[in-house]
Amino acid sequence: MRYAQGGGLTDAGRAARERIRLQAVERFEDGQKNGESAAALRVTERSVERWRRQWRERGEAGVLSRGSPGRPRLSNAQIARLERELERGPLVHGWVDQRWTLARVKTLIGRLFHVSYMVEGTWLLLKRHGWSWQQPARRAIERDDAAVEVWKKETWPRVKAPRRRAVAGSSSRTKPGSR
């Protein structure tokens, strides 16, 4: 189910929905019909049908909330271990340089905990635990400032795209100025 706010329910919203489902269970036990239950609870008949089916198959547990679909897949102990491993650096884990990329962190999580994350999920996990993207504090030793200046003066003007005209052009072949 999608929500207009662009996200899922909060814990309070999920609890409110669960109370409605439990009220529906009480109505099922009293023998009330789906249409009557839907009208009284101000939900769709289709939802009541789905809840009744879940209630028949698994009892009251079938209609209870399963929690947030975006719940973290790593425990607090696993996250603490991940942070320790990240602080050790990428060299220790077999990469040739000292950069942690999201793809590398994703791979590390898979190796350590046998849990699969997408790159976007890896970023959200790191951000949630106080990690942020970084830029190098110092310039590389190998950087040649003179060569950079030569490139800026000689190569860049040749490859740079020309500026667009300030006035709008016309695609009309009949316009006098286009001949």
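Mentor: Happy to. Let's start with helix 5 (residues 102-113) and helix 6 (residues 119-128), whose axes come within 9 Å and cross at roughly 85 degrees. Axes here are lines fitted to C-alpha atoms, for helices over the stretch in contact, and angles run from 0 to 180 degrees between N-to-C directions. Helix 5 is therefore roughly perpendicular to helix 6 (under 35 degrees counts as roughly parallel, over 145 as roughly antiparallel, 65 to 115 as roughly perpendicular and the rest as oblique). On the helix 5 side the contact (heavy atoms within 4.5 Å) is made by Leu-102, Val-105, Lys-106 and Ile-109, and on the helix 6 side by Val-119, Thr-122, Trp-123, Leu-125 and Leu-126. By class these residues are seven nonpolar, one polar and one charged; Ala, Val, Leu, Ile, Met, Phe, Trp, Tyr, Cys and Pro count as nonpolar, Asp, Glu, Lys and Arg as charged, and the others, Gly among them, as polar.

A word on the ground rules: this is a predicted model, so local features need pLDDT of at least 70 and side-chain atom pairs count only at pLDDT 80 or more, while totals for chains, interfaces and linings use all residues. Residues are numbered from 1 along each chain as its sequence is written, and side-chain values use heavy atoms, with hydrogens and water left out.

The pair also belongs to a core. The largest nonpolar core has 13 residues, and those with the most contacts inside it are Leu-74, Leu-82, Ile-109, Phe-113 and Leu-125. Such a core is a set of buried Ala, Val, Leu, Ile, Met, Phe, Trp, Tyr and Cys residues joined through side-chain atoms within 4.5 Å, where buried means under 20% relative accessible area, exposed over 50% and partly exposed in between (1.4 Å probe, protein chains only). Helix 4 (76-88), helix 5 and helix 6 each give two or more residues to this core, and helix 5 gives the most, with five. Setting aside neighbours within four places in sequence, Ile-109 touches Leu-74, Leu-82, His-114, Val-115, Tyr-117, Thr-122 and Leu-125. A second, separate core of eight residues includes Phe-28, Val-48, Trp-51 and Val-63.

His-114, one of those partners of Ile-109, lies in the loop between helix 5 and helix 6. Its phi is near 55 degrees, a positive value in a residue other than glycine. Most residues other than glycine have a negative phi. His-114 counts as exposed, at 72% relative accessibility.

For another pair, look at helix 1 (residues 11-29) and helix 3 (residues 45-58), which pack at about 70 degrees with their axes 10 Å apart. Helix 1 is thus roughly perpendicular to helix 3. Here Ile-20, Arg-21, Ala-24, Val-25, Phe-28 and Glu-29 of helix 1 meet Val-48, Trp-51, Arg-52 and Trp-55 of helix 3. That contact has seven nonpolar, no polar and three charged residues.

Finally, the whole chain: it has seven helices and zero strands, both taken as DSSP runs numbered from the N terminus (helices H or I, at least four residues; strands E, at least two). Of its 179 residues, 20% count as buried. Among contacts with a separation of 6 or more, 37% are between residues 24 or more positions apart.
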